[in-house]
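These are my notebook entries on a two-chain structure. I looked up a helix and its surroundings, the cores, the contact between the chains, and some backbone angles.

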Amino acid sequence: MRYDFKMFLGEGDHRMLVFRAFVIDSNNYHFLDVPIFGIDPIYKELFLDILNGTLEYQYIDKQRVHEHENVDITRFRLEGNNFLENIDAAMHLDPELLGVNIEFTPIELNRMIAFRYDGHDLNLDYGLSPQSANSVFDVSKGLISILCANNTDFGKVLQMPAEASSTVIPFDAEKIDLEAIDIVIRAINDINSNSIDRVFANGSERLSSLYKKFVKQLKEINKVPDLKTFEIIIDEDTRLTIDDFNKLRDIDEQLYNEYVTKTGKIHHIENFLISKPTIYVVVVYVDEREIRLHLDSRGANFERMQRIAKENEEKMIRFSGYRQSETVFLVDQLSSIDE
Amino acid sequence: MRSSILPCNAIINDSDISAMYSIPQINNIHLDTRCVDADQKEAFLKLFDTQGNPMTRFPVCRIYHQNALLKSFSGRGKVAEHKLFYLHPQYRGNGIANNLSFNEDNTYRRNGFIEIQLQAAWDGIVVWQKKGFQYVSPKTEYKVITAWRVYFTNVFNELSLEEQADIIRQYKRIKDIPKKYLLPEGKQSFTDWLDGKNLVPVDDMYRRL
């Protein structure tokens with residue numbers, strides 16, 4: 001059983017959520033960001049004292065003490081036998097002392113997805129190098145944040161403790177977003193068969209953007225050192241593997257490599273590319289979006305571009321070429337709009 | 001038996017205790033002391049104003065130890081333990097605490113005390129901190145901040161919830177809270193707000209002499 005632990009300041013219409021955590025037991029819990037307060041260190045400390053039964057107060061009850069007599073201090077300490085009894089005792093504590101009202105309700109969490117990283121340096125049993133650990137968690141976080149963007153109706157997705165036997169980063173959710181899972185399966189299958197669906201990825205369907213972002217994010221797994229196999233575990237029967245990482249290298253080409261013709265206004269000519277000194281970058285506005293044209297400085301297109309930028313007052317151009325990414329085009333043909 | 005011949009009088013004698021409370025704002029003192037043993041002496045004081053009214057809600061209780069565990073560093077030494085000092089609100093803010101503190105420091109040093117251990121009500125914690133006292137438990141800080149946040153949302157209720165939240169989340173230490181949020185003009189102070197509650201939380205503090 002898992003529990004949703006919330007602390008509120010104030011009551012009724014004036015109450016505000018100041019802290020939230022999912023609790024499995026006294027050793028397993030996950031802090032959740034709440035609006036404005038985030039994960040507040042003051043309430044975090046209060047939560048931990050409640051959970052561990054170390055919350056204590058000394059106080060005088062003025063109603064029980066007669067004036068001018070020696071005063072007795074009451075000492076209170078949560079003395080539950082387990083975290084449930086501790087939380088229950090805190091909920092029954094006078095809110096005057098505690099300063100917050102607690103809500104504590106059981107919730108159901110389900111394993112949504114897990115990412116498995118397998119490689120020589122990637123067995124959690126033997127500990128990960130800091131570089132591997134960082135890249136594993138960064139890549140997992142990047143992938144899950146894309147899936148979560150589709151998840152607004154499904155509650156929080158939580159990262160659970162990493163598991164050994166290679167390194168597995170599991171994520172649980174209040175409710176599983178099956179649409180997102182279908183997109184994950186489709187994306188991995190498309191990558192493995194070298195058939196990324198460019199039309200769908202660049203289309204306006206509701207899940208197009210999720211597909212495209214997830215596919216692009218998968219390129220990041222190349223940054224995990226010594227990775228031999230990457231696996232996405234949906235459930236025991238559904239395991240999706242990528243072990244040919246060359247297939248990730250041409251994702252951009254598969255996603256974007258289409259020939260397009262567009263019109264736009266020259267903004268300015270930037271410098272050449274450090275990686276390719278013969279290529280000059282020209283910033284152009286197309287439908288109020290900034291894009292970057294790559295032009296070979298040795299070709300006629302570059303001279304034409306300079307001339308248009310200098311002589312044409314409107315600086316409007318029509319260009320054709322291959323799209324290389326969301327905002328970069330390799331120019332093949334170029335002309336002034338009035339030509 | 002007169003206390004002057006008791007062995008615990010070597011810790012501090014009654015006349016020194018009385019003298020600490022002989023300040024202009026206190027008209028009359030009734031002192032009662034007893035030896036718990038040779039290493040521990042208890043003193044109970046009732047303080048009266050010029051009209052004969054008691055100035056504290058409870059008798060002032062001081063326990064003097066010849067050889068107690070120290071809080072300021074490891075080891076043992078001579079300690080003055082101050083139980084809760086609960087001055088009625090009408091006597092606050094006219095220098096009583098300052099005068100007593102000055103006398104206590106001098107008398108204790110002269111008698112070889114090395115530490116004061118204090119039981120402080122939360123409403124006095126801001127003042128005691130300014131006088132150099134430190135918490136025994138670091139957890140006191142977050143508990144008092146929690147109480148201040150309740151105070152702030154009650155007293156600054158003209159602000160929207162978002163505005164309240166945005167202000168209170170900024171302060172994690174009592175000493176960082178600006179005076180305008182502890183002692184606001186035209187509003188109840190944090191101290192008075194705490195004083196109006198039925199439950200008076202207290203925590204332990206200490207200061208090396």
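Entry 1, helix H5 of chain A. I looked up what covers the buried residues of H5(A), and found that the cover includes strand E7 (110-119), helix H4 (130-148), helix H7 (208-217), strand E10 (227-235), strand E11 (238-242) and helix H8 (246-249) of chain A. Helices (H or I, at least four residues) and strands (E, at least two) are DSSP runs, numbered from the N terminus. I note that this is a predicted model, in which local features need pLDDT of at least 70 and side-chain atom pairs count only at pLDDT 80 or more, while totals for chains, interfaces and linings use all residues. Residues are numbered from 1 along each chain as its sequence is written, and chains are lettered from A and ligands numbered from 1 in the order in which they are written.

I then listed the buried residues of H5(A): Ala180(A), Ile183(A), Val184(A), Ala187(A), Ile188(A), Asp190(A) and Ile191(A). A residue is buried if 20 or more other C-beta atoms lie within 10 Å of its own, exposed if 12 or fewer, and partly exposed in between, with C-beta atoms placed from the backbone. Seen down the axis of H5(A), the buried residues fall within an arc of 160°, so they line one face of the helix; the arc is that of the directions from the helix axis to the C-beta atoms. On the other side of H5(A), I found Leu178(A) and Asn189(A) exposed.

I checked the length of H5(A) (residues 178-192) as well: its 15 residues should span 21 Å at 1.5 Å a residue, and the end C-alpha atoms are 21 Å apart, which agrees. The expected span is 1.5 Å times one less than the number of residues. Asn194(A), which follows H5(A), has a positive phi, near 55°.

A nonpolar core is a set of buried Ala, Val, Leu, Ile, Met, Phe, Trp, Tyr and Cys residues joined through C-beta atoms within 7 Å. I found 72 residues in the largest one, where Phe47(A), Ile50(A), Leu84(B) and Trp148(B) have the most contacts inside it. Helix H4 (residues 139-155) of chain B gives the most to this core, with seven residues. Apart from it lies another core, of 39 residues, and Ile183(A) is among them.

I found 30 residues of chain A in contact with 28 residues of chain B, where contact requires C-beta atoms, placed from the backbone, within 7 Å. Helix H1 (41-52), strand E4 (56-61) and helix H3 (95-98) of chain A each give two or more residues to the side that touches chain B. E4(A) and strand E7 (residues 199-208) of chain B pair in the antiparallel sense over four bridges; pairing requires at least two DSSP bridges between two strands. Ile60(A) stands opposite Val200(B) in this E7(B).

Ile36(A) is partly exposed, with 17 other C-beta atoms within 10 Å. Asp287(A), with phi near 50°, is in the loop between strand E13 (279-286) and strand E14 (289-296) of chain A. Asp287(A) counts as exposed, with 8 C-beta neighbours inside 10 Å.

How values were computed: Two residues are in contact if their C-beta atoms, placed from the backbone, lie within 7 Å.
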